[in-house]
Amino acid sequence: MSGKQRARSFSVHLILIAYSLLAVGPILLVVMNSFKMRSAIFGAPLAPPDATTFSLIGYQKVFRTAHILTYYSNSLIVTLVSMALVLLFGAMAAWALTEYRFRGSTALALFLSIGIMVPIRLGSVAILNMMRSAGLNDTLTALILVYVAQGLPMSIFILSEFIQQIPKDLRDAARCDGVPEIRIFFEVVAPLLRPAIATVAVFTIVPIWNDLWFPLILTSSDTTHTVTLGVQQFLGQYITDWNSVLAALSMAILPVVVIYVILSRQLIAGLTSGAVK
Amino acid sequence: MANLRIEHLNKRYGATKVLNDINLNIEDGEFVVLVGPSGCGKSTLLRMIAGLDGASGGDIHIAGKLVNALAPAERGIAMVFQSYALYPHMNVRKNMTFGLKFTGVPPTERERRVAEAARMLRLEELLDRYPRDLSGGQRQRVAIGRAIVREPAVFLFDEPLSNLDAALRVSTRVEIANLHRMLKSTIVYVTHDQVEAMTLADRIVVMNRGCIEQVGRPLDLYYAPANLFVAGFIGSPAMNFFEAKVERVESGCARVAGAGFRSFELSAPSLEVGDLLTVGVRPEHLGRGADGPFAVEGVVELVERLGESSFAYLRRADNRLFVAEVRGRQTPTPGERATLVAGARDVHVFDASGLRVSTQNEA
Ligand SMILES: Nc1ncnc2c1ncn2[C@@H]1O[C@H](COP(=O)(O)OP(=O)(O)OP(=O)(O)O)[C@@H](O)[C@H]1O
Ligand SMILES: [Mg+2]
């Protein structure tokens, strides 16, 4: 490496490190402070917990006073079921739209891409009315339906791009082999889409897990609240229980990180190498 | 084992006609090679036989059965693709058995067929490897193996060797010929390579712009091309063409003359005075010592040495180039003036519409 290149690489890394600090800093701060006593949180917010300031009071309070485990499992159910449905229907729709030409297929693709541009929150009132008249108010099903609708357009869009990159000969070979269309999709196309599916999964999960808006308007009882909504009860108008808020937030971050780590292993490109020369 | 009959087959994409009234009869066990310039519709024809593309008109019969409405798997065909199209996430064994699951072949039978194909194609050691860990030639053999285990009535090959290097191409070509001898199945094979076509084919189908120009045994196409297109397409380097005119006709004997070559007599009863002709002579049939009716003179401009022979590019009197193959160690030198002669049987004559004029010299 010449000196110039080294300087370049150094400055690039400097920028990347700065960005990472900026992104990770607040999260680190939250997690760090969740293990401290209230006085220490305000006294020295940037200091890591030490022997004198360490305390699990926040976590104890959260587990004692709130239905945190219910919230947690609600969030998990909603996120995972939505993700599964978005991926399944997204991949199937993308396959249908790219592989088969049928009457109205272009119009349908266009219609679905509108969903990417129009934020689903614009329809909040209509969604609320719909859910109420369908008797789904204050259920997790309502949330799942909304999130599937929210995630589908983007996943169809991304997966279509990837499906187009799968060599056409491969599907033709499978057809000559007598593989039924549905098995071609699940056993030939889907395995090759793994990196794309992992990408879409991450993009789908994060906004759902973090969403506050739809749980707020669609759920009203403790049994259907999600983590993000549950944390709000520690934020009072007059007093805020910072220990509990930080503890609950730290716990809310954890699953997203875990899922991301699991899926990022799947983000291996080059799986198709060797299929065609 | 099956014959294949194609009748009045048409294919259109929107307004463009890709295949135009194709008629072809392929016997049981025959090895038929489709050749033609790029974009002439060879792959399209193959894909229509396979059932991957629908026809715009016409019928396809396989083993006496009309298959127009049948799915690829129900037609009793197997296709080998240029890109191999192996399933990248399955190992070699799985690649070969995957399709058999769906056609109701019991597991023990599957194993038997894979073992046999692997033995035939020398794939035994590779059965547990993934396609990405195979060389190009090995991948190609797996692709052929995947076709063999289906035990199809008709094999379809679309330029199977074009991704291999020259040496491997020759050895795989020999293997395919052996395979055909062993399996005795009907094969339709698309290629760009003349040598492949000449060596493998029982019959060659020459296509041009969606039409069949000629169907025939390799040597028939070589020695008696039906028209100008086939004459120019079969053979390498391509046949030399000379424009000519009938000057005189006397008792069935026509005197043919043109720029650049010595006029000669031709016994062709169908010709009349004033007919415009094209005379074709292959480079390998032009010789220095030989004697014959056709003689052309030129100045050597360029010599390509291939080893056992050389190609000499000569400029003739009307300032056009023609090619002659010169055998032996004695290569001509540029600037040299030479007169080259071809025997009566090696002179091809085509009329103004490009069709072969039959001459009595051929008999
Ligand atoms: N989906 C399509 N839409 C329109 N035209 C097409 C389509 N598929 C093929 N064609 C046209 O059909 C013609 C024949 O194509 P085909 O692939 O059969 O040629 P080929 O003889 O196999 O050529 P090559 O030797 O290069 O493989 C080409 O001119 C091509 O442009
Ligand atoms: Mg082709």
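Me: How is chain A divided?
Reply: Chain A has domain 1 (25-55) and domain 2 (61-271). The bounds come from an automatic or database domain assignment. This is a predicted model: local features need pLDDT of at least 70, side-chain atom pairs count only at pLDDT 80 or more, and totals for chains, interfaces and linings use all residues. Residues are numbered from 1 along each chain as its sequence is written, chains are lettered from A and ligands numbered from 1 in the order written, and side-chain values use heavy atoms, without hydrogens and water.

Me: How many residues does the contact take from domain 1 and from domain 2 of chain A?
Reply: Domain 1 of chain A gives 10 residues and domain 2 of chain A gives nine. Contact means heavy atoms within 4.5 Å.

Me: What area is buried between them?
Reply: About 710 Å², and carbon and sulfur atoms give 66% of that. Buried area is the accessible area (1.4 Å probe) that two parts lose on being put together, summed over both.

Me: Which residues of domain 1 lose the most area to domain 2?
Reply: A:Val30, A:Ser34 and A:Arg38. Together they make up 56% of what the domain 1 side buries.
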